[in-house]
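Opening the notebook on this one. I want to look up aromatic pairs first, then charges over rings, then cavities.

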Amino acid sequence: MLKVENLSGGYDHQLIVKNVSFQVGKGEMLGILGPNGSGKSTLLKVMSGILHKSNGFVQIDGKLLEDYPSKELAKKMAVLPQLHSHAFSHTVRETVSLGRYPHQSGWFSTWSEEDEAVVQEAMLQMGISRYEHQSLDLLSGGEQQRVFVAQALAQNAQILLLDEPTNHLDIAHQKQLLDTIKTQAIEKGITIVSVFHDINLASLYCDRLLLLEKGEIKALGEPHEVVRKNLIENVYNARVSTSPHPEQPKPQVTILPDVHEKKDYQPITLKNFRVDDELVVFQSAYQLRTWSSAVINPGSGWYRTFVNRRVDALYNIDNVQIEMQEFLTNHGFSETETVGMMTAVYTKDAVIREYAGDFGSVVIMVTAGVGNAVDVSRAHEVEAFPAIGTINTWIIVNGELAEEAFLQAVITATEAKTKALTAESVIDPRTGTIATGTSTDSVLIAATQMGEQIPYAGPITEIGKKIGLGVYECTIEAIKTYKIAKGWNS
Amino acid sequence: MSKTTIGYILSVVTLIVAIWLGLSIGSVKVPISTLWNIGADGIATNIFWKIRMPRVILAGLVGASLAISGAAFQALLKNPLADPYTLGVSSGASVGAVATLFFSISVPFLGMYTLPIFSMIGAFGTMLLVILFAKLVDRSMKMETLILTGIIFSSFLGSVISLMIALTGEELRQIISWLLGSVSMRGWSYIQMALPFIIIGTFLLWLNRRELNAMLFGEERAKHLGVDVKKRKMMILIGGSMLTGSAVAVSGTIGFVGLVVPHMTRLLFGSDNRHVLPLSFINGASLLIICDLVSRTIIAPTELPIGIITAFIGAPVFAFIFFKQRKKGGV
C-alpha cells in the first residue's frame, strides 16, 4: 500500500507540489490529472525520490521510502518516466532485461529461469516479442514506449508509477497498454499511480482520480466525483461538456469549441419540406440535433435530412435496415446525414404545419394510418405482428433544446397523439377499445440548437403548448384524411 | 554462436597476433621462439626481455586502461564523445607530470617514480575537484554539469601546462615528447608501478557493468531500476581515474584510444556494457600495441610519438561519431 502524506517538494527551493496527501490501496489504480504545469510529473518525481521533498513523507507498506535500500525499493516500486532520447542503442531484449536488475545480486549474478520467464511475459504483454533482437533506435516512439513499459513490468513490483504511459501511442495501443496494466491491477493486485493527459482515458481506467491545480489537490475521488463539468472547466480553463460512456459508468469529457464560423443559418420553415408520391423529405442547409426512433440513424445525433418513405402494405420488413439504406443511397441521400422512417400511408397526405411562439417556432409533420391501431393498456392481451409504423411524427424546433427538453417533447407529443386518436374514436379492432396509437409509431424531435434556450418542453411551457396543440391538430387532420382515403365512415 | 562469443574469440585472436607482431618486428628482428628458447642468442634475448616485452606489455596495459575507462565514462555520461579526457582527469595527470619536470621535484625515497606518482596525484586531485565543483553547481550532479566542469578544468589545466612549457628552457623537448605520449624505454619498473592500479580500476569498472547499462537510460531511470546512483557513479569515476591516471603516468598523453575502441566494439558487437567493457579492454590493448609498432617502424630508425598515430586514427573517428550523432539528433 502506498501512502503519501502532506508531501511538498520540487526543484531546489521552488515548491511545485504542495501538501499533497492520498493513499492508494492494493489493486487500486489512481489517475493524476491536471493542466500543463500543474505539477503532475513533479509529484511523481517527488514521490519516487528523484526530486527533493521539503515536507511530508511517502510510505510503502508502512515503511518510509528513504528507509528502503535502492534495490529493495526497485523491487517494491517500478517507475516509468516520460520517454527521453538516448545516445546508445540497446536491443529490445537487453532493455527489458534491465528491469530484472533489482532481482540480481552478487558479482557473477546469473540469469535465472524466472528472470527469463518474466522478461518474455512482459514483452508478450506489450506486443514487442517480435522486436526482441532489434535495436531500440529502429523502433517508433510508440514501440519504444511499450518497451519501457515492459521494462517496468519486468521489475515485478507491487507498485507501478507511470508518467503519461499512453504518450506516442495510437488508440489501439493505448487500449492494449491500459488493458494490460488494468488487468495486472485486478489479477495481481498491483497498485498503480499514473499521470494522465487525457481525462477520458483516466476516467475510463482509474478507480479514483486526483485533480491537481497549481501543485495542490483540487479534487480527489471516483471519476464521477472528479470529472464534472464545472470542476474541469474551472481547473483546465476550457469549455467542456460531460457525457456518459456508452459501456462503463465513467463520465467522459468533450471539448466545446469557441470557434464561430460565419454561416447563414436560416430558420426552419415549411419550405424545407418536399412531398412527392413516395417520400416526405425534410432538408436543411445545416445539421439539426436529432432524437428519433427511426429505422435509419435512430437515437441521437446531428442530421440534416429526414426521409419518410411510403412502402407497400406487403413490404417485407425482414431486411428493413439494409433495404432502406440501399434505397436512401440510391436516391442520393447521405448515409451519415439522413434519418429514415417508413410509412404505409400516402405521403401526399402528410400534414405539415408551422406554429410560432415567443421562443421561436415549431414545424410539425404527421403521417397517420390507423390500420394497426392498438390500445397500449391492453396490448398484453393480444398478440400483434410487427408492421410498418403508421403514425410518424416529426417535431422540428427553431431553438436550443436542453437534453431533458427532448424527452419532454416526446412525452408531450405522444400524449397529444393519443388524445387525437381518442377524439377521432380510433378503435383497437382486437379489443374493441379506444386505441392509443399504432403498433409501430415513430417520433422524431429535432432542434436547430440556435436562438432561444429552451430548458423544458412540458405542457406548462410555451413550446410544450405548441407541440401539444400542433401534434393534436396535425394528427386529427391526418387521421381524417386517412379515413377518407380508405372510405371509412367516421 | 552468438555475436558476443564471436566478439571475444576475434578480440583475443587479434590481441595474440598483435603481441606476436609487437614482439618480433623492430629494428632488430627477434624470432618469437626467443620466448621459450632459453639458449637463444644473447643479444636477441636481451632485446626481447629487456626492451620489447616490457614495451608491448606496457602498450597493452595503457591501451586497455584507456579503452575500458573510455567505455565506462561514455556510458556514465551518456555521451559517445566522452573520453577519459573529457572529465579533465588526464589534464590533471599531465599537470602533475609537467610540474614535476618544471620544478625538478624529486622526493628522495620515490626516486625515479616521482614523475608517475605525481601525475597520478594530479589525476586524482583533478577528479576530486571536478566532482566537488559539479556538486556545488548542482547537488544531484547531473551529467551535463559534470561534463561542463570537466571542460572548464581541462581548459584551465591546459593553460597551466602551456605556461610551464613557455617558461621552460632546455627541458622543453622532454616535456613535449612526454605530452605526445610514448611507451618506449619505460622498462619493467613502470609496469610494476602501474599494474596494481590498473587491476583495481578495471575491477571497479567491471563490478558496475550492469549499472552502466542502466545509466545509459539516464540517472533517473537507473535509480528507478534500483541502482544506487551516487555510490555507483563514484565507484566508476574513481575506477576510471585510477586507470587514466596510471596510464598517463607511465606513457604520457595518448588521446583517442578511449574513444575509438569502445565505439568500434559497440558497432561490431552491440552496446551491452557487460561485454563492451571486457571487449574494449582487450581491443584497447591490441590497438595500442599495433599503434606502437607502427610508430617505431614507419619511419625507422626515427621513432614517432605514439600519440600522433592514435590521433591520426582517432580524430576522423571522433568526427564521424560527432557527425552521426548530430544527424541522429541525439546527444
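First, my ring rule: rings of Phe, Tyr and Trp (its six-membered ring) pair if their centres lie within 6.5 Å, with planes under 30 degrees apart counted as stacked, over 60 as edge-to-face and the rest as tilted. This is a predicted model, so I keep local features only at pLDDT of at least 70 and side-chain atom pairs at pLDDT 80 or more, while totals for chains, interfaces and linings use all residues. Residues are numbered from 1 along each chain as written, chains are lettered from A and ligands numbered from 1 in the order written, and side-chain values use heavy atoms, with hydrogens and water left out.

**Rings**

I searched the whole structure and got eight aromatic pairs over all chains. I looked at A:Phe148 and B:Phe217: their ring centres are 5.5 Å apart and the planes stand at 80 degrees, so I log the pair as edge-to-face. A:Phe148 is in helix α5 (residues 141-154) of chain A and B:Phe217 in the loop between α8 and α9 of chain B, so this pair joins two chains. Helices here are DSSP runs (H or I, at least four residues), numbered from the N terminus. Buried or exposed? Both A:Phe148 and B:Phe217 come out buried, meaning under 20% relative accessible area with a 1.4 Å probe, protein chains only.

I also noted one aromatic cluster, formed by A:Phe273, A:Phe282, A:Phe306 and A:Trp394.

**Charges over rings**

My test is NZ of Lys or CZ of Arg within 6 Å of the ring centre and within 35 degrees of the ring normal. A:Arg309 has its charged end over the ring of A:Phe327, 3.7 Å from the centre. In chain B, the charged end of B:Arg209 sits over the ring of B:Trp206, at 4.0 Å from its centre.

**Cavities**

I take a cavity as a set of points, on a 1 Å grid over the protein atoms alone, where a 1.4 Å probe fits but cannot get out; lining residues have an atom within 4 Å of a point. I found six cavities of 30 Å³ or more.

The largest cavity holds about 120 Å³ of space. Its lining includes A:His90, A:Trp111, B:Asp272 and B:Arg274. α3 (92-97) of chain A and α8 (209-215) of chain B each supply at least two lining residues.

The second largest cavity has about 50 Å³. Among its lining residues are A:Lys45, A:Asp163, B:Glu220 and B:His224. The largest share of that lining, three residues, is from α1(A).

Key:
1 Å grid on protein atoms, 1.4 Å probe; cavity = no way out; pocket = protein on both sides within 12 Å on 5 of 7 lines; lining within 4 Å. Points joined across faces, edges and corners; volume = space filled by probe spheres on them. Buried < 20%, exposed > 50% of the residue type's maximum accessible area, 1.4 Å probe, protein only.
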